[in-house]
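Good morning, and thank you for coming. I shall show the structure first and then go through its parts in turn.

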Amino acid sequence: MINKIFSATPKNCFLLLICSIFCIFSYSCTQERQPCLTPKIASLNIESIHYTTDTGTIPIDTGLNAAIFGALSTKGLENIIYLQQSANFTISLSPVADSCKWLFATDTIGSFTDTFTFYYKRQLKFLSNACGYTYFYTLDSLHTTHYIVDSFLITNTSVTNNVNTKHLKIYIHPDY
Amino acid sequence: MLTQNILKYTFTLIISLLFVLIASTAYCQTTTDTTKSDTTQQKIIKKDFGGKQICFSADIFHPVYNYLYANQTAYEFTLDYYLHKDLYIIAEGGWGSSNVDYTDLKYKTNNSFFRFGLNRSLLIKNDSNDWDMMCIGIRLAMADIKRSAASYTVIDSLWGSSPGNLPDKSFIATWLELDMGTRVQLVKCLSAGWTIRVKFLLNGKSFNDLAPSFIAGYGRGDKNAVFDVNFYISYAIRWRKETKKLEEEMH
């Protein structure tokens, strides 16, 4: 049989008081705004691939030594330089327009630079009260020059804050 | 992200199952104990005839919390009525508001809410004046939320910030609660107790455009499952059944 566990003894009243104080203090220590734990900016993830010939199927080492992506914004040119060899790159699209331009160079000493012009639709997205709003995008088309880039393939048109999704494959010119 | 969600919901499920497990264990012990002897059975029958009670409770936890955390308010009240066999019918209500004033997001909300459900006491009454209880319960709740026009800014250090506005909006939130709590009689008719609640939002998808940061009676509106605590001061009105009715029911 369960005997009476709770009665108004001084001991139980004291325990009740302690529990109350603990809970109030644990609540009061809560931060005013919860930390944002998800990426706030939608990322467009690019993979570079380099074949030795036009008809080749086995890519050579596609890592670019010091690739540069430059955003042509209203503030001017803002460069993102990848200091380590990489074949995977991340850029963002402009939330203030329906198109944006990025310059691309395979290294810091190369003279050839290609221009990517992205055309897309924006969708306002509420992430959470901690993170606020952001824009997700649907890619419509991509125009590019062909100094270094031979061709490209859009693999996923939905650009969200999912960092694991690959959106674009760029094929480096075989002669490069 | 997916893994985080799975872990979060698994944790919530485990806690909920613990609630049920604790409750069922206590209930099973009670049931087993009553079969041990006739005298024990008589005691259990007698406890149903201990009288009637209607109890009004005011939550003191959230007003204190509001004092410490000025951006939101919540006031909660409970009315419970003892039906029979340790069963209480519960009606709860309250109101509250919140003010979100971040650099990239600003809006206000206010809401009232109503909960309806049952509590079952897990303690055996010692005598007719024994109204101390440890209980489990279930509630179905609804809140009527009004949100002011909201302003937001999508901050992007590379391309520039993009501000915008959303019109005001009214909507309904419904949720289900599993509760566990205690109530201890301090002096005649005056009791104190606490309740821990696990709440599951049933229509969270309707807040996709802007989930309220706080819903009085529920908690964070952008979470589909939340925990909450209440501390109550209660005042009870008690009366006894007529003797004839008691005898009839005993037979």
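Which residues have the most contacts inside the largest nonpolar core? They are A:Leu44, A:Ile46, A:Leu93, A:Trp102 and A:Tyr137, in a core of 34 residues. Before I go further, please note that this is a predicted model, in which local features need pLDDT of at least 70, side-chain atom pairs count only at pLDDT 80 or more, and totals for chains, interfaces and linings use all residues. Residues are numbered from 1 along each chain as its sequence is written, while chains are lettered from A and ligands numbered from 1 in the order in which they are written.

Some terms are needed. A nonpolar core is a set of buried Ala, Val, Leu, Ile, Met, Phe, Trp, Tyr and Cys residues joined through C-beta atoms within 7 Å. A residue counts as buried if 20 or more other C-beta atoms lie within 10 Å of its own, as exposed if 12 or fewer do, and as partly exposed in between, with C-beta atoms placed from the backbone. Helices (H or I, at least four residues) and strands (E, at least two) are DSSP runs, numbered from the N terminus.

Let us return to the core. The largest nonpolar core has 34 residues. The elements that give two or more residues to this core are, from chain A, strands E1 (44-50), E4 (88-91), E5 (99-105), E6 (114-128), E7 (132-144) and E10 (168-172), and, from chain B, strands E4 (105-121) and E6 (150-154). E5(A) gives the most, with four residues. In soluble globular proteins, nonpolar side chains tend to be buried together.

A:Leu93 deserves a separate word. Leaving out residues up to four places away in sequence, A:Leu93 touches A:Ala42, A:Leu44, A:Cys100, A:Phe118, A:Tyr120, A:Tyr137 and A:Val159; two residues are in contact if their C-beta atoms, placed from the backbone, lie within 7 Å.

I turn now to chain A. Of its 176 residues, 20% are buried. Among its contacts with a separation of 6 or more, 50% join residues 24 or more positions apart.

How are the strands of chain A arranged? One open sheet has six strands in the order E3-E2-E5-E6-E7-E9, with antiparallel pairing; two strands pair if DSSP finds at least two bridges between them. Strands E3 (76-81) and E9 (158-159) of chain A stand at the edges with a single partner strand each, so one side of each has no neighbour in the sheet. Within this sheet, strand E2 (residues 68-73) of chain A and E5(A) pair in the antiparallel sense over four bridges, and A:Ala71 stands opposite A:Trp102 in E5(A).

Another open sheet in chain A has four strands in the order E4-E1-E10-E8, and its pairing is mixed. Its edges are E4 and strand E8 (149-154) of chain A, each with a single partner strand, so one side of each is left without a neighbour in the sheet. E1(A) and E10(A) run parallel and are joined by five bridges, with A:Ser48 opposite A:Ile170 in E10(A).

After E10 of chain A comes the segment that holds A:Asp175. Is A:Asp175 buried or exposed? A:Asp175 is exposed, because 9 other C-beta atoms lie within 10 Å. The C-alpha atoms of A:Asp175 and A:Asp150 are separated by 9.5 Å, although these residues are 25 residues apart along the chain.

Chain B has four helices and 10 strands. Buried residues make up 33% of its 251 residues. Strand E5 (residues 133-147) and strand E8 (residues 169-187) of chain B pair in the antiparallel sense over 15 bridges, where B:Ala143 stands opposite B:Ala173 in E8(B). E8(B) also pairs with strand E9 (residues 190-201) of chain B, antiparallel, over 12 bridges. There, B:Gly181 has B:Thr195 in E9(B) as its bridge partner. The hairpin of E8(B) and E9(B) has two residues between the strands, and in it B:Cys189 takes a positive phi near 75°.

Finally, a word on confidence. The mean pLDDT (the predictor's confidence in each residue, from 0 to 100) of chain A is 81, and 74% of its residues reach 70 or more. Confidence in chain A is lowest in helix H1 (residues 10-28), at a mean of 58, and highest in E9(A), at 95. Where pLDDT is low, the predicted coordinates should not be read in detail.
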